[in-house]
Amino acid sequence: MFFQYGETEINYLKRKDKRLAWAIEQIGHIERKLDANLFAAVVRHIVGQQISSKAQATVWARLEAKLITVTPMVIYAASADELQALGMSLRKAEYIKDFARKIINGEFDLQAVEHMSDAEAITALSSLKGIGKWTAEMILLFCLQRPDILSYDDLAIQRGLRMLYHHRKITRELFNKYQKRYSPYGSTAAIYLWAIAGGAIEGMKDYVPAKKR
């Protein structure tokens, strides 16, 4: 299952921004996988904090192999030591167990998050241990398919903006200008900025100043 966008989003962004329109033409359609299960998505993101995508995938594969299904009851039944043995830190193991406990005890209503506004959902998810604003934004985009998520805290988004528009630095004020321009389809713009940051268009470079030695 992939993030759903089409001609409506693409045509809007092309009308709003000529440089992004050019990039979209160069790259073509992008398929970004979704996390269909909201509980599992939260757990996956906690596991993936401050480690590489490859390491996250390795730990997640072990978790699925060990537990078979990633549900609140299964996570809660496992000990923190058992979860740590799969390759995550003890703190992360405790975080996901705390999350499972809150779901089981009714302290956190995960289904309610699906019906909240973006701001409300980010606030609710950020109240969980191990979930910050950026992680909450990624859950909204890649699990709930919210259409207007463009994260200032995402370093790859900032890199993509620098590469596309030849900026040396992305300030909050400058970022807000692009966020407003892309809205209400910031999520689609984000998908293209990630691709640009990852080298999807040959010859583009990052204009960030070189660090002084």
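The legends below describe close-up views of a predicted model. Local features need pLDDT of at least 70, side-chain atom pairs count only at pLDDT 80 or more, and totals for chains, interfaces and linings use all residues. Residues are numbered from 1 along each chain as its sequence is written, and side-chain values use heavy atoms, with hydrogens and water left out.

**View 1. Largest pocket.** The largest pocket has a volume of about 720 Å³ and a lining of 23 residues. Nearest its centre lie Arg32, His45, Ser53, Gln56 and Trp134. Two or more lining residues come from each of helix H3 (38-47), helix H4 (53-67), helix H10 (133-142) and helix H11 (155-165). By class, the lining holds nine nonpolar, seven polar and seven charged residues. Ala, Val, Leu, Ile, Met, Phe, Trp, Tyr, Cys and Pro count as nonpolar, Asp, Glu, Lys and Arg as charged, and the others, Gly among them, as polar. A pocket is an open set of points on a 1 Å grid over the protein atoms alone, where a 1.4 Å probe fits, with protein on both sides within 12 Å along at least five of seven lines; lining residues have an atom within 4 Å of a point. Points are joined across faces, edges and corners, and the volume is the space filled by probe spheres set on them. Helices are DSSP runs (H or I, at least four residues), numbered from the N terminus.

**View 2. Salt bridge between Asp35 and Arg44.** The side chains of Asp35 and Arg44 meet at 3.1 Å, N to O. A salt bridge is a side-chain nitrogen of Lys or Arg within 4 Å of a carboxyl oxygen of Asp or Glu, and the structure holds nine of them. Asp35 counts as buried at 13% relative accessibility, and Arg44 as partly exposed at 26%. Buried means under 20% relative accessible area, exposed over 50%, and partly exposed in between (1.4 Å probe, protein chains only).

**View 3. Salt bridge between Arg146 and Asp118.** The closest N and O atoms of Arg146 and Asp118 are 2.6 Å apart. This pair links distant parts of the chain, 28 residues apart: Arg146 is in the loop between H10 and H11, and Asp118 is in helix H9 (residues 118-126). Arg146 is buried, with a relative accessible area of 11%, while Asp118 is partly exposed at 25%.

View 4. Asp206 and Arg159 form a salt bridge with their closest N and O atoms 3.1 Å apart. Asp206 is in the segment after H13 and Arg159 in helix H11, 47 residues apart. Arg159 is partly exposed at 32% relative accessibility. Salt bridges that share partners also join Asp98, Arg101, Lys102 and Glu107 into one network.

View 5. Most residues other than glycine have a negative phi, and most peptide bonds are trans. Ile68 has a positive phi of about 70°; this residue lies in the loop between H4 and helix H5 (72-77) and is exposed, with a relative accessible area of 66%. Gln145 has a positive phi of about 55°, lies in the loop between H10 and H11, and is partly exposed at 24% relative accessibility. A cis peptide bond joins Ser183 and Pro184, with omega about 15°. Pro184 is found in the loop between helix H12 (172-182) and helix H13 (186-197).
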